[in-house]
Amino acid sequence: MEFNENERKQPYSIEAEQAVLGAILLDPEKVSVAAESLRADSFYFQKHSEIFETMTEMFNMTIPIEGILLLEKLREKGYFEDETDKQYLLSLAESSSMINDINYYINIVADKASLRRILGVCNDVSTLCYNGEEVPKVLDIAERSFYDITNGRQNTNLYKLESVVKSELERWSEQRGDTSGKYDAIKLEISAVDNFIGGFNNSDRVILSGRPGMGKTSFALKVAYNIAN
């Protein structure tokens with residue numbers, strides 16, 4: 001697999017991307033660690049992006065992430081048809097056999113991806129400025145774009161579908177047999193509301209809204225008082 005040296009205009013690290021993918025081939029469970037910080041488009045090279053995307057799909061479907069199986073999945077999607085692509089894929093694990101901490105390389109890939117996105121935003125904002133767009137519009141677009149980059153760096157854990165289903169079934173079974181009141185909803189002691197929503201449940205997000213002067217504060221204080229007592 002060849003890389004064009006002229007592409008170095010964009011921030012990236014071939015070695016770090018190869019290290020992450022190779023480490024996952026050696027220890028498939030590490031894909032969940034990588035997925036906390038990386039997405040398919042975090043990889044600069046298209047082939048690396050395709051590999052990582054397929055790895056996460058296989059992990060979610062509890063399909064072993066092994067070289068031959070991974071190659072078959074890639075080919076089903078129309079990728080890696082050439083023999084050189086096969087050799088490159090299988091060589092990733094060999095080149096990563098001495099890696100002890102995948103997190104170091106994950107951080108490098110994530111940082112380079114963020115830098116590329118920042119450059120993209122700067123380029124877009126620069127174009128808006130040269131085109132004479134109004135300042136409030138430019139600032140709004142810039143703010144939202146940088147917020148999206150920051151938000152995209154937050155962790156999003158990846159779990160096997162099998163483990164999620166098993167965990168939820170266990171929780172549901174425990175909830176059905178519970179007599180301690182652990183899973184009971186918190187009653188507001190306001191019958192009209194309790195009869196409608198059944199009270200407050202764990203992880204509920206309740207939004208109280210209305211026009212000014214409708215009694216939102218009084219209602220919220222009443223609910224807080226009832227729950228406290």
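How many aromatic pairs does the structure hold? Notes below.

1. Ground rules: this is a predicted model, where local features need pLDDT of at least 70, side-chain atom pairs count only at pLDDT 80 or more, and totals for chains, interfaces and linings use all residues. Residues are numbered from 1 along each chain as its sequence is written, and side-chain values use heavy atoms, leaving out hydrogens and water.

2. There are 5 aromatic pairs (Phe, Tyr or six-membered Trp rings with centres within 6.5 Å; planes under 30 degrees apart are stacked, over 60 edge-to-face, the rest tilted). Among them, Y12 and Y44 are stacked, at 4.6 Å centre to centre and 5° between the planes. Y12 sits in the segment before α1 and Y44 in the loop between α2 and α3, 32 residues apart (helices are DSSP runs of H or I, at least four residues, and strands are E runs of at least two, numbered from the N terminus).

3. Y12 is buried at 9% relative accessible area, while Y44, at 24%, is partly exposed (buried is under 20%, exposed over 50%, partly exposed in between, with a 1.4 Å probe and protein chains only).

4. Y104 and Y105 pair edge-to-face, 5.3 Å centre to centre with 90° between the planes. Y104 is exposed at 52%; Y105 is partly exposed at 26%.

5. I51 touches L21, L70, L74, F80, L89 and L92, leaving aside residues up to four places away in sequence (contact is heavy atoms within 4.5 Å).
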